[in-house]
Amino acid sequence: MDPRQLPRTLAGGRPAARGQELARSAADSAADIFHPLCVIARGLRVLAAGAWRRWQRTPGDRRGPTLLLAGSCAAIVMLVPYGPLLTGVALMTVAAWAGRDRDPAHETVLESEGERLQALYEALVPYLSVPEDPAPLYAHDGDWEEAFAAHSFDHGGRLVSLELRYPAYFTDGEPEARARIEQLLQMKAGRGREYRFDWDAEANRLHVRVLPALPADIFAQRFVTAPGETVLGFTDPGAVHRTLPVFDGTDRRDEPPVLWRTGPRSTEPHLLVLGRPAAGTSTLLRSLALQALHQGDVVAVDGSGSGEFSFLRGRDGVLAVESSAAGALAVLEWASHETERRLMTANRARQEGHQPPEDVRRPLWIVVDRPTALGHLAAAEGRADPQALLQVPLRHGRIANVTVVLGDHVDDAAAQLAEPVLALTRARVLLGAVTDEQVRAVLGAPPRTTPPPEAPPGRGYARLGTGPVHRLQVPATPDPYDEETSDHERQAVLALLPAGG
């Protein structure tokens, strides 16, 4: 057969194959030439992402000095001979190292990460899609890369942060709809960790990130606070606009505190602490009593009768420590009359144009642990409920400079705490392993984080009035007379006690 009669595709086979080989060789050559640039660009992206995450973790009060320090360093580099050139070379070297090719094991991890993201995407399809959507963002045959704007994994291949987009018709204003998505993400991303969910309703985006554990190595100590400020505990960096220096036994560092302001200018002058048994309720009350002794007088009532406040007896500023029903009723009755006396004395002084006397301006703290147990004991002895004697300090304590702190079990609060106590204590703390429903019932708002699966002593949530709900870790303040207390913590508590009276 004449070769000229063959089809053009068969006759031109060798030139086409030669063209493909030339194109492949050109592509390989271009990849070899531009590979260093790709590595450096990938490294710069990694460094920029790390710098942005570090900037987000920086507290608000330290961002200004950080920018000033960075600007000063940049100015010094510009003035040094060959400074910009050397800096550029160093930056390119670090970027090349950060963007270097990973080993095959890392590629396997990256492949597994894509599979996990795809599985998470498929799980979200029934909740974030409707049949009427002509171009659904979430579909069973879709790709997660269009829905997930950013993500990151730890070295073990576990998801630590995720930013996802959701359609505009999703009812993100309904708490039930949000709760379904948050519960699904928590189960698919991995249980046993705490997650924070930030809903950006304007941009239709949800930011999910794993929260590190709060510091549990902070013990009782003298905190640097202003008059009228009391440290409830410590929370996440960036949640508050202030840090305090703390000592953990070996080193000093700055931690963000949850501060409670008391006194005549306080919007929430009284505190209610609820928690599970052995969750740290008495620990927080002891911490507050020790801090109050540096500013005023303290009256302690131990409703459980366990003697966890007996170490305060005989100390300057401690007016009484009672655990029996008769003694508690007598002390609370005196506190009620003292509040009325302070109120009338202050009113008379203001009418005469004078400053209230010193004994009226000196803060008085009424610390009551387990008032419901004390009520049971009083009822068994045929006495009145001690909670009735707290109405005057609760209603008029802010003007009379009287602060009431109550601690009890969360299971006994709803049914056994008196209505004035619940209505007039709008600064709340909830400790222990609790559910979202309990947080909402006690604090009046849901937490922005998932409750911890296992809560160490002193771990919980705090909310002051209508403010945000903060994660909280109470400083360790054990009973120094307890045999299980370590010598280090015992000495820390005893060092804060004033001299004996």
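The structure is a predicted model. In this model, helix α9 packs against helix α12, and P452 sits in a loop between α15 and β15. The structure holds 22 salt bridges, and three of them are described below, including one between R471 and E194.

**Helices α9 and α12**

- Two packed helices are described by the angle between their axes and the distance between the axes.
- For α9 (residues 325-351) and α12 (residues 391-400), the angle is about 35° and the axes are 9 Å apart.
- The two helices cross in a left-handed manner.
- On the α9 side, the contact is made by A335, S336, T339, E340, R342, L343 and R350.
- On the α12 side, the residues are V392, P393, H396, I399 and A400.
- By class, this contact has six nonpolar, three polar and three charged residues.

**Salt bridges within helices**

- R342, one of the α9 residues that meet α12, also forms a side-chain salt bridge with E338, at 3.1 Å from N to O.
- R342 and E338 are both in helix α9, four residues apart, which is about one turn of the helix.
- R342 has a relative accessibility of 2%, under the 20% cut-off, so R342 counts as buried.
- E338 counts as buried too, because its relative accessibility of 12% is under 20%.
- E358 and R361 form a salt bridge in which the closest N and O atoms are 3.1 Å apart.
- Both E358 and R361 belong to helix α10 (residues 358-361) and are three residues apart, about one turn of the helix.
- R361 has a relative accessibility of 36%, which lies between 20% and 50%, so R361 counts as partly exposed.

- The side chains of R471 and E194 meet in a salt bridge of 2.9 Å, N to O.
- R471 lies in strand β16 (residues 470-473) and E194 in strand β3 (residues 194-200), so the pair links parts of the chain 277 residues apart.
- R471 and E194 are both buried.
- Shared partners join the salt bridges of E194, D236, R459 and R471 into one network.

**The loop residue P452**

- P452 is in the loop between α15 (436-443) and β15 (459-464).
- P452 is buried because its relative accessible area, 8%, is under 20%.
- Leaving out residues up to four places away in sequence, P452 touches E194, A433, R459 and Y461.
- Two of these, E194 and R459, are also in the salt-bridge network.
- P452 and R193 are 259 residues apart along the chain, yet their C-alpha atoms are separated by 6.7 Å.

Terms used. Residues numbered from 1 in each chain as written. Predicted model: local features only at pLDDT ≥ 70, side-chain atom pairs only at ≥ 80, totals over all residues. Heavy atoms only, no water. Axes fitted to C-alpha atoms, helices over the stretch in contact; angles between N-to-C directions. Left-handed = near helix turned anticlockwise from the far one by under 90°. Contact = heavy atoms within 4.5 Å. Nonpolar A, V, L, I, M, F, W, Y, C, P; charged D, E, K, R; others polar. Buried < 20%, exposed > 50% of the residue type's maximum accessible area, 1.4 Å probe, protein only. Salt bridge = Lys/Arg side-chain N within 4 Å of Asp/Glu carboxyl O.
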